[in-house]
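The following note comments on a structure for a reader who is new to the subject. Please keep the sequence and the model in view while reading the numbered points.

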Amino acid sequence: MTEEVPSYLSPTGQEIVFLLLGAVAVGSALLVVTTRQLVHAALWLVVSFGALAGCYLVLTAEFVAWVQVLIYVGAVVVLMLFGIMLTRAPIGRSADLDSGNRVVAAGVALATAAILVTVVIDGFRTAYTPLTPGAGAASELGASVFSTWVLPFEALSVLLLAALIGAIVLSRTDIPGGSPEDQPGTSTSSPGDPAVPPGDRAVPPGGPAVPPGDPADQSGSSPSDRSGGH
Amino acid sequence: MHIVYPAVISALLFSVGVYGVLARRNTILVLMSVELMLNAVNLNLVAFDVWLGDRLHSGQVLTLFVIVIAAAEVGVGLAIVLALYRNRKTVDIDQLRELSEPAPPLSAATDATARSRGGRSPDPGKPTPAPPAVTESGGHPPTPGSRNVAMGEAVPSGNGREDERSAKRGGKL
């Protein structure tokens, strides 16, 4: 905002700390997308998000930093680990995590990085702001959320509720209705689905309405008991 | 604080996320890469909020909203992935080709597939390569040109590559 821009050759302590944290964030993000172990990717994601929370702290956005730690590190990564666990991914080193178009993806990513960095450096070379603490404290941000941004806040809470209910509905397998006419189409159209012998399936506790002799329904409605099929 | 520093770090994080979305095959890793891209946007929002000195704190409030939406996205996305795993026994994106064109059988004659593909298209006179290009672009990138060639000349260059790639995958699994 100011006219006189300090030199890039004499960085302040804040900038040095910010650049170190940013290097940690970008480096661990690179490890997330290149590592061969699925669980390590999730743990490097924790490191990346933590370094980004440190970046927010340096930028005087304290409340956002703690929300980042709470929600991303605390909730999102744990959800990812649960997803890894529930899909029974191979825990150790696996060679088939990368698709066949790695080279093209690297080219696209490098092109994106080059274009974005060039444009950003060209556009904001003279942008400078002194950092004054207190602008992102919880009291100011809370006052702003609940005075100006009340309507988006409420709409967002409705969205969160809808997402919660949607996730529950998608995850449950014993909801009657909708699934019997869906199951024959999906079970016949997937050639890689192993056929399940009708004997080794335990009856799910919530699904007594399903007739037990229906083979199409048996192939689709028991997710957790079919580990021996593959 | 120079604004260039957070902007450049954000651009690099976004590019890393783009690479992860394009190059990974496991669906959960793709979701992680999407999270990286969202975090890059968050860093930009916070930095420009600090730079502009917004009295309403619109940048930081929008960052909070993006974090909440990302949490909702991860919840629904993982529920979809689990439903997918329940039905298909895989979370591998390259194997989920139900919505693509009828795939040519491995090691079959390519002219038969091209003929059947030409017969199945609803309007053969009008070239409509957009939906196959979108659905097939996960496998081999230069589809829109070679797909049109494959409609007429029956020597698609992508099929051989797909054959050897799936053969390699079968060997690994």
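1. How many residues of chain A are in contact with chain B, and how many of chain B with chain A? In this predicted model, 90 residues of chain A contact 70 residues of chain B, two residues being in contact if their C-beta atoms, placed from the backbone, lie within 7 Å. On the side of chain A that touches chain B, at least two residues each come from helix 1 (13–34), helix 2 (38–58), helix 3 (62–86), helix 4 (102–123), helix 5 (138–147), helix 6 (150–171) and helix 7 (179–189) of chain A. The residues of that side comprise 60 nonpolar, 23 polar and 7 charged. Here Ala, Val, Leu, Ile, Met, Phe, Trp, Tyr, Cys and Pro count as nonpolar, Asp, Glu, Lys and Arg as charged, and the others, Gly among them, as polar.

2. Residues are numbered from 1 along each chain as its sequence is written, while chains are lettered from A and ligands numbered from 1 in the order in which they are written. As the model is predicted, local features need pLDDT of at least 70 and side-chain atom pairs count only at pLDDT 80 or more, whereas totals for chains, interfaces and linings use all residues.

3. The confidence values deserve attention. pLDDT is the predictor's confidence in each residue, from 0 to 100. Chain A averages 78, with 74% of its residues scoring at least 70; chain B averages 72, with 59% at that level. In chain A, pLDDT stays under 50 over residues 179–230, for which the model has 49 contacts beyond four places in sequence. In chain B, pLDDT stays under 50 over residues 112–173, with 57 such contacts. Where pLDDT is low, the predicted coordinates should not be read in detail. For the complex, the predictor gives an ipTM of 0.74 and a pTM of 0.69.

4. Helices (H or I, at least four residues) and strands (E, at least two) are DSSP runs, numbered from the N terminus. Of the contacts in chain A with a separation of 6 or more, 65% join residues 24 or more positions apart; for chain B the corresponding figure is 47%.

5. Burial is counted from neighbours: a residue is buried if 20 or more other C-beta atoms lie within 10 Å of its own, exposed if 12 or fewer, and partly exposed in between, with C-beta atoms placed from the backbone. Of the 230 residues of chain A, 24% count as buried, and of the 173 residues in chain B, 42% do. Helix 6 of chain A is hardly covered, with 2 buried residues among its 22.

6. The largest nonpolar core has 81 residues. Such a core is a set of buried Ala, Val, Leu, Ile, Met, Phe, Trp, Tyr and Cys residues joined through C-beta atoms within 7 Å. Cys55(A), Tyr56(A), Leu13(B) and Met32(B) have the most contacts inside this core. Two or more residues each are given to the core by helix 1, helix 2, helix 3, helix 4 and helix 6 of chain A, together with helix 1 (4–23), helix 2 (27–52) and helix 3 (58–88) of chain B. Leaving aside residues up to four places away in sequence, Met32(B) touches Val32(A), Ala41(A), Ala42(A), Leu45(A), Met80(A) and Gly20(B).

7. Most residues other than glycine have a negative phi. His57(B), however, has a positive phi of about 55 degrees and lies in the loop between helix 2 and helix 3 of chain B. His57(B) counts as buried because it has 25 C-beta neighbours inside 10 Å. Just after helix 3 of chain B, Lys89(B) takes a positive phi of about 60 degrees. Lys89(B) is partly exposed, since 19 other C-beta atoms lie within 10 Å.

8. Is Tyr8(A) buried or exposed? Tyr8(A) counts as exposed because it has 11 C-beta neighbours inside 10 Å. Tyr8(A) is found in the segment before helix 1 of chain A. Although Tyr8(A) and Arg125(A) are 117 residues apart in sequence, their C-alpha atoms are 9.8 Å apart in space.
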